[in-house]
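Open the model in your viewer and keep the selection tool ready. The tour goes stop by stop.

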Amino acid sequence: MRADLVPDDLWERVAPLLPPAPERRHRYPGRLRVPDRAALAGVMYVLRTGVAWRDVPAEAVGCSGVTAWRRLRDWSELRRAGLLDLDDCAVDGSHVRALKRGDHTGPSPVDRARPGSKHHVIVDRHGTPLAVTLTGGNRHDVTQLLPLLDSVPPIRGLRGRPRRKPRRLYADRGYDFDKYRRLLWKRGVKPVIARRGVAHGSGLGKVRWVVERTFAWLHQFKRLRIRYERRADLHQGLLELACSLICLRRLRASF
C-alpha cells in the first residue's frame, strides 16, 4: 500500500469511525479480508486521480478497485473537524457534469441542459466544510439551505454546550427568499443574504468568498470534478471523504 495515500495521522482519525469488520466463518472462511487501510488507499487513489474503479493498480495500492468500491459502499460517512468558527458561516452550490445519469441528476441550467449534479456545502468562517449534500443539477440552491443547516453535527467548544448552528449565515442572491429568511430567524440564525436587483458591492464577498475557495479545494480531487458514479450514495461518500481531508489539513496546520 502506498503510504502517501493514507498517512498515519489520517488513519488514526479515520479508523475509529469505521464499522467493525464482520467475523470470519469457522468453516469455509473464504479469502482473507482486505485490510480497511488498504481499501481506504484504493478509495483515496480514485478520489485523487479520477481513474475508473476498474483501473486502480492493485499491486501498487494494495487493494483492487472493486474491493475499494464495495468498502466505500459499506462504510458510514466520515466527518469530524476541529478549529471551527461558527459565528459566521456561508452556503453555496456548485454544478458538476454527470456522465452516467443515475439518482440525483437532472438537466443542468448552466450546461445546456446536459445531465448534471450539484454539490451544496455550508462552511465556517475559514472555509472548513460543516455539511455537504448532493442533488440533481436542476435543483435550486435554496432547497438545500435548511437540510444543510440541519446536517451540521454538534461542535464542541471550549465551554458550554456543543453548537449546531451559526450566528450569521451568508449567501448570494440565489437564496434571496423572504420565506427562508423567516425560517432562519426562527432557528436563531441571522440571514445575511444579497438582494436580487441590487447593484453589486454589498460587501458580503469579504465573508462569503471562503465557500468559493472550499469548492476549489473539493474540485482539486479529480473524481469530484465530473460525476462518474451512477449511485448517488457512492458519490456522496467521496464528497464527504474529500471534506474530511480538508478538515485534516486544517488540523495539520494548527499543530
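**A buried arginine and its partner**

Select R223 first: at 4% relative accessibility, R223 counts as buried, where buried means under 20% relative accessible area, exposed over 50% and partly exposed in between (1.4 Å probe, protein chains only). Before going on, note that this is a predicted model, in which local features need pLDDT of at least 70 and side-chain atom pairs count only at pLDDT 80 or more, while totals for chains, interfaces and linings use all residues. Residues are numbered from 1 along each chain as its sequence is written, and side-chain values use heavy atoms, with hydrogens and water left out.

The term covers a side-chain nitrogen of Lys or Arg within 4 Å of a carboxyl oxygen of Asp or Glu. E229 is buried too, at 4% relative accessibility.

How many salt bridges does a search of the whole structure find? The count is 18.

Move to R231 and D233. Their closest N and O atoms are 2.6 Å apart, in a salt bridge. Here D233 is partly exposed at 41%, and R231 is partly exposed at 34%.

Next, select R195 and D176. Their side chains form a salt bridge of 3.5 Å, N to O. This pair links distant parts of the chain, 19 residues apart: R195 is in the loop between β6 (190–193) and α7 (205–218), D176 in the loop between β5 (168–171) and α6 (178–186). Helices (H or I, at least four residues) and strands (E, at least two) are DSSP runs, numbered from the N terminus.

**An aromatic pair**

Show the rings of F177 and Y180. Their centres are 6.3 Å apart and their planes at 75 degrees, so the pair is edge-to-face. Rings of Phe, Tyr and Trp (its six-membered ring) pair if their centres lie within 6.5 Å; planes under 30 degrees apart count as stacked, over 60 as edge-to-face and the rest as tilted. By this rule the structure has one aromatic pair. F177 is partly exposed at 29%; Y180 is buried at 17%.

The charged end of R196 sits over the F177 ring, 4.8 Å from its centre. That requires NZ of Lys or CZ of Arg within 6 Å of the ring centre and within 35 degrees of the ring normal.

**Strand β1 and its neighbours**

Select residues 88–98, strand β1. Nine of its eleven residues are buried. Which strands pair with β1? Pairing needs at least two DSSP bridges between two strands.

- β5 is parallel to β1, over three bridges; C89 has L169 as its bridge partner.
- β3 (residues 115–123) is antiparallel to β1, over eight bridges; V96 stands opposite S117.
- β7 (residues 226–227) is parallel to β1, over two bridges; A98 has R227 as its bridge partner.

**Last stop: K118**

Pick K118 in strand β3. K118 is buried, at 8% relative accessible area. Its side chain reaches the backbone oxygen of R139 at 2.9 Å. Not counting residues up to four places away in sequence, K118 touches several residues, among them S94, H95, T133 and D141.

Key:
A polar contact is a pair of N or O atoms within 3.5 Å; within protein, one must be able to donate a hydrogen and the other to accept it, and residues adjacent in sequence count only if both atoms are side-chain atoms. Contact means heavy atoms within 4.5 Å.
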